[in-house]
Amino acid sequence: MMKIEGIAAFVTVAEAGSISEAARRLRLSKSVVSDRLAEMERSLGATLLHRTTRKLTLTEDGTAFLERATRIVREVEDAASDMAERRGTLAGPLRIAAPVTFGRMHLGPALYPFLAEHPDIELSLDLDDRRVDPASDGYDAIIRHGAIADSRLVAWKLAKSRRVLTASPDYLARNGTPSSLAELDGHRGIFYTNRGVADWRFQGPNGAVLVRARFGLRVNNGDMIRDAATAGLGIALLPTFIAGPAVSAGTLTAIDVGCAPDTEFIYMAHPEGRRPSAKLRAVADHLKKAFGDPPYWDP
């Protein structure tokens, strides 16, 4: 007879792409995950995965079984969450992915009191600046800064995010302080890799304006963009949740070019078609209150 633990192990391995990563997500040893997979295959009388030293791939039978297996695991998880909600408690596993800098500076401190209040929630928080796919990567939700264009995701707004042009006092002393959008063209820009050089969008008197500064540096982490700007390497367009402390300390200077950058938001997004659990909704509600409107980092 198939066991739900084996089905969950198979689904997690398929999503993670390796037994070692699946074991990390499930918080089990690799040998236990391997044993559960082997037991599953014996119960089904079919090979679900091709195993090599380099990677795991789904067999034809594994591909056919995965969709239903995923649905079974999600249904069991939702049922457990519903039972916990009926008892007035929030419990069980929850996996969320978030950007590194926002997670370290704001998300973690906001979540710690919530987790202390609900000790039966088993939260796995993965901080990574890459664009993850919550469905295929096995996350209940992702937290993202900026627009979410993926129609497969349902997005909840958590907080507004204002951005500001910044540079070090030394850079501005050497290169001059731009006072208009036109003057930005001759300056070195420090850009976020996931957004690219077409990220500098402003609200001008006649609508949206895209400014393309001279490419100087591209980095995939907000902390490093701030640090590169502080080191005098160019101008960076940073959210105030990153730049605020440095501007207050005087290591970065906010630049006024007469037009405000596009207003953005911090979102939590979950896969479409899957009803969000009570604990996920509770986390989102808690974060909205913790961040505030306007958010506390944007005085």
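Which exposed residues does helix 3 carry on the face turned away from its buried side? They are D35 and R42. Keep that helix in mind. We will come back to it in a moment.

One caution before we go on. This is a predicted model.

Let's start with the whole protein. It has 10 helices and 15 strands. Its C-alpha atoms fill a box of roughly 75 × 45 × 35 Å along the principal axes. Of the 299 residues, 47% are buried. Now look at contacts between residues at least 6 apart in sequence. Of these, 75% join residues at least 24 apart.

Back to helix 3. It runs over residues 30-44, which is 15 residues. From first C-alpha to last, helix 3 reaches 21 Å, close to the 21 Å expected at 1.5 Å a residue. Its buried residues are V33, L37, M40 and E41. Why do these four sit on the same side of helix 3? Because they cover an arc of only 95° around the axis. D35 and R42 are on the face turned the other way, and they are exposed. Just after the helix comes G45, with a positive phi of about 65°.

Next, the cores. The largest nonpolar core has 37 residues. Which residues have the most contacts inside it? I143, M268, L287 and F291. Helix 10, residues 278-291, gives this core its largest share, 6 residues. There is also a second, separate core of 18 residues. L37 is included there, along with A8, A9 and A22.

Let's zoom in on I143. Set aside its neighbours within four places in sequence. The residues in contact with I143 then include I96, A97, A98, P99 and F102. Y267, M268 and L287 are also among them.

That brings us to Y267. It is found in strand 15, residues 264-271. Is Y267 buried or exposed? Its relative accessible area is 15%, and buried means under 20%, so Y267 is buried. Leave out the neighbours within four places again. Y267 is in contact with I142, I143, R144, G146, A147 and I148, and also with A155, W156, K157 and L158. For a contrast, take D170. It is 97 residues from Y267 along the chain, and their C-alpha atoms are separated by 35 Å.

Now a pair of helices. Two packed helices are described by the angle between their axes and the distance between the axes. Take helix 5, residues 100-117, and helix 9, residues 240-249. Their axes come within 10 Å and cross at roughly 65°. Helix 5 brings T101, F102, M105 and H106 to the contact. Helix 9 brings F241, I242 and P245. By class, that is 5 nonpolar residues, 2 polar and no charged ones.

After the helix comes G250, and its phi is positive, near 90°.

Last stop, a loop. T59 lies between strand 2, residues 56-58, and helix 4, residues 60-86. How accessible is T59? Its relative accessibility is 8%, so it counts as buried. Apart from neighbours within four places in sequence, T59 is in contact with T47, L48, L49 and H50.

Definitions and conventions. Residues numbered from 1 in each chain as written. Predicted model: local features only at pLDDT ≥ 70, side-chain atom pairs only at ≥ 80, totals over all residues. Heavy atoms only, no water. Axes fitted to C-alpha atoms, helices over the stretch in contact; angles between N-to-C directions. Helix = DSSP H or I, 4+ residues; strand = E, 2+ residues; numbered from the N terminus. Contact = heavy atoms within 4.5 Å. Nonpolar A, V, L, I, M, F, W, Y, C, P; charged D, E, K, R; others polar. Expected span 1.5 Å × (residues − 1). Buried < 20%, exposed > 50% of the residue type's maximum accessible area, 1.4 Å probe, protein only. Arc of directions from axis to C-beta. Core = buried A, V, L, I, M, F, W, Y, C linked by side-chain atoms within 4.5 Å.
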